[in-house]
Amino acid sequence: MKLPKRAYTLEFKELAVKRVKDGQGVSAVCEELGLSDQMLRNWVKAAGEGRLNAPGTRMVTPEEMELSRLRTENLKLKR
């Protein structure tokens, strides 16, 4: 079964990028936050270019983010 696509708030993305810029390793941040390495690398690159929340990207509410996280966790537990 394929995991549902997760949505992340701008604040969550900024926090993850800040951790990397503060010297934490990408792999360590990804493991702690449950992200893929490539996703975080894309966010770091986008933040450096000033387009982390580029026009056309949908704003995600904290409630939607939590629902997405819970759905993913539920699928993992079913396995």
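Which side chains meet in a salt bridge with a separation of 2.7 Å, N to O, and involve Glu32? In this predicted model, the partner of Glu32 is Arg19. The pair links distant parts of the chain. Glu32 lies in helix 2 and Arg19 in helix 1, 13 residues apart. Helix 2 spans residues 26-33. Leaving aside residues up to four places away in sequence, Glu32 touches Arg19 and Gln24. The C-alpha atoms of Glu32 and Ala16 are separated by 9.9 Å. These two residues are 16 apart along the chain.

The structure holds three salt bridges. Side chains of opposite charge can pair when their charged atoms come close. Lys18 is partly exposed, with a relative accessible area of 49%. Asp22 counts as exposed, because its relative accessibility is 56% and the cut-off is over 50%. Arg41 forms a salt bridge with Asp37. Their closest N and O atoms are 4.0 Å apart. Both residues lie in helix 3, four residues apart, about one turn of the helix. Arg41 is partly exposed at 42% relative accessibility, and Asp37 is partly exposed at 29%.

Helix 1 (residues 10-21) also meets helix 3 (residues 37-48). Their axes come within 9 Å and cross at roughly 90 degrees. The two helices are therefore roughly perpendicular to each other. Helix 1 contributes Phe12, Lys13, Ala16, Val17, Val20 and Lys21 to the contact. Helix 3 contributes Leu40, Trp43, Val44, Ala47 and Gly48. Of these contact residues, eight are nonpolar, one is polar and two are charged.

Technical notes. Residues are numbered from 1 along each chain as its sequence is written. This is a predicted model: local features need pLDDT of at least 70, side-chain atom pairs count only at pLDDT 80 or more; totals for chains, interfaces and linings use all residues. Side-chain values use heavy atoms; hydrogens and water are left out. Axes are lines fitted to C-alpha atoms, for helices over the stretch in contact, and angles run from 0 to 180 degrees between N-to-C directions. Angles under 35 degrees count as roughly parallel, over 145 as roughly antiparallel, 65 to 115 as roughly perpendicular and the rest as oblique. Contact means heavy atoms within 4.5 Å. Ala, Val, Leu, Ile, Met, Phe, Trp, Tyr, Cys and Pro count as nonpolar, Asp, Glu, Lys and Arg as charged, and the others, Gly among them, as polar. Buried means under 20% relative accessible area, exposed over 50%, partly exposed in between (1.4 Å probe, protein chains only).
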